[in-house]
Amino acid sequence: MKNIAVIGAGTMGNGIAHTFAQNGFNVNLIDISDASLKNGIATITKNLDRQVAKEVLTETQKNNTLLNIKLLTDLKEGVSQANLVVEAASENHKIKLDIFKNLEEFCKPNTILASNTSSISITQIASATKRADKVIGMHFMNPVPVMKLVEIISGYSTSKATLKTITKLAEQLGKTPVPVNDYPGFVANRILMPMINEAVETLYNGVAGVAEIDTVMKLGMAHPMGPLQLADFIGLDVCLAILEVMYEGFKNPKYAPCPLLVNMVRAGKMGVKSGEGFYNYSESRKAETVAAQFA
């Protein structure tokens, strides 16, 4: 397995492409937008420069990594020779199902199709193909080049051979693969998102302020960042989408998104990527200034 196609040049997609390319794989990074591809490769280059500065990589390794990445806007061209396709598009059922329908048509019969979905059913995604045994979840953590965990999610029909292949591949990337079963939120987000949602509820109910809630969790629970800062980092729209999938999947009110979270997303306050969420990022990507609404 040498040729990898990654669909989506956003935060997760460019991180996945970076990681595969750094480990010697040929990577086609695919997006419908030239601008997204340019932003994606710029992010990869910036992150590689950071690795060089920290002496994690040499300048030669950085250049070789970039040479391993090809940018494309044509899906068929990008996936036709791939041994593995990793879809990292928006966390949206319809978008993912449409992509996998096309992958079934454009890919070779033995190509494994993986999704980086953080909550959507792998079994449902596989239903858009005729190769459910070769469809699997590879849920990387952000930032991908740094974080060791990869949740490996088997759908109802995912074969043991596919699971074995992808587990071994994750290990080749220097990651720690953890097999989990196909239920809404899997493991990571089934535990993480209710915590984030409860932190938003705590703010919404006036129990404490943004900085105070995050400080309690950082100092009291030894979390590297507070749940509200983490939500900003993930993207409030992504958090909302995952909670909605879990609420729909379990029909349990404990997964219902807090109204404050819903309103913030409607208002375009997505966190770091929009410049404001629970914190204001207009001057720094660090959570140093609480957003005016909560100050």
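Where does Pro143 sit? Its place is the loop between β6 (135–140) and β7 (149–154), with helices and strands taken as DSSP runs numbered from the N terminus (H or I, at least four residues, for helices; E, at least two, for strands). This is a predicted model, so to speak: local features need pLDDT of at least 70, side-chain atom pairs count only at pLDDT 80 or more, and totals for chains, interfaces and linings use all residues. Residues are numbered from 1 along each chain as its sequence is written, and side-chain values use heavy atoms, leaving out hydrogens and water.

- Most residues other than glycine have a negative phi, and most peptide bonds are trans.
- Asn142 and Pro143 are joined by a cis peptide bond, with omega about 0°.
- Phe186, in the loop between β8 (176–181) and α8, has a positive phi near 55°.
- Phe186 counts as buried at 4% relative accessibility (buried is under 20% relative accessible area, exposed over 50%, partly exposed in between, with a 1.4 Å probe and protein chains only).
- Ala222 also isn't a glycine, yet its phi is positive at about 60°; it lies in the loop between α9 (210–221) and α10 (227–234) and is exposed, with a relative accessible area of 64%.

**Helix α8 and its partners**
- α8 (residues 188–204) packs against α11 (residues 236–250) at about 115°, with the axes 10 Å apart (axes are lines fitted to C-alpha atoms over the stretch in contact, and angles run from 0 to 180 degrees between N-to-C directions).
- That makes α8 roughly perpendicular to α11 (65 to 115 degrees; under 35 is roughly parallel, over 145 roughly antiparallel, the rest oblique).
- On the α8 side, the residues meeting α11 include Met193 and Ile196, and on the α11 side they include Leu243 and Met246 (contact means heavy atoms within 4.5 Å).
- α8 and α12 pack at about 95°, axes 8 Å apart, and are therefore roughly perpendicular too.
- Asn197, Val200, Glu201, Leu203 and Tyr204 of α8 make that contact with Pro259, Leu260 and Leu261 of α12.

**Pro257**
- Pro257 lies in the loop between α11 and α12 (259–266) and counts as buried at 18% relative accessibility.
- Leaving aside neighbours within four places in sequence, Pro257 is in contact with Asn197, Leu240, Leu243, Glu244 and Val262.

**Around Phe25**
- Phe20 and Phe25 are both buried.
- The charged end of Lys2 sits over the ring of Phe25, 5.8 Å from its centre (NZ of Lys or CZ of Arg within 6 Å of the ring centre and within 35 degrees of the ring normal).
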